[in-house]
Amino acid sequence: MSNRYQKSRELATQAARHDAWVEAETTDPARQNYQFINNHYPLFATHAEGAYLWDIDGNRYIDYTLGYGTVLLGHAHPAVTRAVQEEVARGPCLSPLWKPMQAELCEMICRHAPNGERAFLMKTGSDATTGAVRLARLFTGRKRVLRWGYNGWHDWSTPRPGGVPEETQALVHSFNYNDVSSVEQLLNRYRGEVACVFMMPFDVEPPEPGYLQAVRDLAHAHGALVILDEMRSGFRFGMGGAQAFLDVKADLVTYSKAIANGFAISCIAGRADVLKGLSGTKMTATYFAASEAMAAALSCLRTVEAERVPEKVWMLGERLLTGLSAAVEAEGGLASVYGYPPCPHLEFDCMDADANQRAKVHFFTETARAGLFLHPSHHWYVSAAHTIEDIDKTISIFRSAMRETARHL
Ligand SMILES: Cc1ncc(COP(=O)(O)O)c(C=O)c1O
């Protein structure tokens, strides 16, 4: 193997002595995806600008991971950076007092979120999803949760529940996507006990026509709330997110990621009567009122609205998806390209598991080497800073890597 990622690997070995996360990520054999990245990908980045990021070895990438989708305008967007710098200079944490911009941001989110009567600001996506579940339990007086998709790392939703009591896990039931009967069966089995149906609106597969509406109607018929987890789609799909795009209204919606172009903030928005529950529980944290990310969010959302950013992202994403699908087909059809244009996804799914894994490693090693930063097992994201030239270059690299992969197998 070349030493393209030499500094990353050296620093990882050194950092693992003190940094528990680096140690876990680089040694845990269960973390297949991360193991794969460790061996064939950079581990440390130094900086990013617009659509590009640089790793510690000085390699530049066109970035489609975009901080797991937090970046919508492009990395280090000048207006957002300026707004944050100005807010930091004014003192960003004046808790227990509130900054006026908190009210302004909640008003802005409510203006755009379908059913957005109230908004509550927190820090991380997991804060918001966990808070929304607490509010649903409080509102309905019920304990059970039906859920689908990735909803964060907290006890009720973590995909790897080591250290989570079985009693906690026993109250949460997963259902199958695009299968109304799977939700219905659980609602019937736990009749009168389900507080909410909690789900991402989609992952890689789009919803069947009427699916989300049917889930909503069923949940309501059983007295449960519907909570949509719009971490990935909120403000990226349009100002009204996936709810507006797919014409479905949840009781609560959770946002984070693209709201603040890379700064830590999240939000629960929705029905006033449900959010009123905040007065009946303790759901606060010292940094919820810290305002630098609020300044980032206001600056970001104003830009998204004024510059019609979602339209641009859809246009670029459509060009990308079309080009990638054509390349896959022309180079042997080893994989499938899925997803909506703002967040496409690739899966090697045309062979047995071993061959798929070999194809995946080869393909993503090649694309990284050629300067694309693509996550091997997560959505990719398009930002407003990508240019048509970036997209076309991406398609061309993608196509060569697909050809190489087919030849290699
Ligand atoms: C759909 C979805 N829900 C919840 C979360 C959790 O957000 P966070 O990682 O900020 O806690 C994520 C994060 O990737 C997500 O994609």
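How many residues does helix H13 have, and how far does H13 reach from its first C-alpha to its last? Select residues 292-306 to find out: H13 has 15 residues and reaches 21 Å, close to the 21 Å expected at 1.5 Å a residue. That expected span is 1.5 Å times one less than the number of residues. Helices (H or I, at least four residues) and strands (E, at least two) are DSSP runs, numbered from the N terminus.

Before going on, keep in mind that this is a predicted model, in which local features need pLDDT of at least 70, side-chain atom pairs count only at pLDDT 80 or more, and totals for chains, interfaces and linings use all residues. Residues are numbered from 1 along each chain as its sequence is written.

**Stop 1: around H13**

Because 11 of its 15 residues are buried, H13 is largely enclosed by the rest of the structure. Buried here takes 20 or more other C-beta atoms within 10 Å of the residue's own, exposed takes 12 or fewer, and partly exposed lies in between, with C-beta atoms placed from the backbone. Glu 292 and the run on to Leu 301 are buried, and so is Val 304. Then step just past the end of H13 to Arg 308, which takes a positive phi of about 45°.

**Stop 2: H5 against H13**

Now keep H5 and H13 on screen. Their axes come within 8 Å and cross at roughly 150°, which makes H5 roughly antiparallel to H13. Axes are lines fitted to C-alpha atoms, for helices over the stretch in contact, and angles run from 0 to 180 degrees between N-to-C directions. Angles under 35 degrees count as roughly parallel, over 145 as roughly antiparallel, 65 to 115 as roughly perpendicular and the rest as oblique. The crossing is right-handed; the near helix is then turned clockwise from the far one by less than a right angle, and anticlockwise if left-handed.

For the contact, select Ala 79, Val 80, Ala 83, Val 84, Glu 87 and Val 88 in H5, which meet H13 residues including Glu 292, Ala 295, Ser 299 and Thr 303. Contact means C-beta atoms, placed from the backbone, within 7 Å. Nonpolar covers Ala, Val, Leu, Ile, Met, Phe, Trp, Tyr, Cys and Pro, charged covers Asp, Glu, Lys and Arg, and the others, Gly among them, are polar.

**Stop 3: H6 against H13**

The axes of H6 and H13 come within 10 Å and cross at roughly 40°, which makes H6 oblique to H13. This crossing is left-handed. Met 101, Gln 102, Glu 104, Leu 105 and Met 108 in H6 meet Met 294, Ala 295, Ala 297, Leu 298 and Leu 301 in H13. Eight of the contact residues are nonpolar, one is polar and one is charged.

**Stop 4: H14 and H16**

Next, show H14 with helix H16 (residues 388-408). Their axes come within 9 Å and cross at roughly 20°, which makes H14 roughly parallel to H16. H14 passes H16 in a right-handed crossing. Among the contact residues are Leu 316, Arg 319 and Gly 323 of H14 and Ile 391, Phe 398 and Arg 399 of H16.

**Last stop: Ser 182**

Finally, select Ser 182 in helix H9 (residues 180-189). Ser 182 is partly exposed, with 16 other C-beta atoms within 10 Å. Leaving aside neighbours within four places in sequence, Ser 182 is in contact with Phe 175 and Asn 176.

Definitions and conventions. Two residues are in contact if their C-beta atoms, placed from the backbone, lie within 7 Å.
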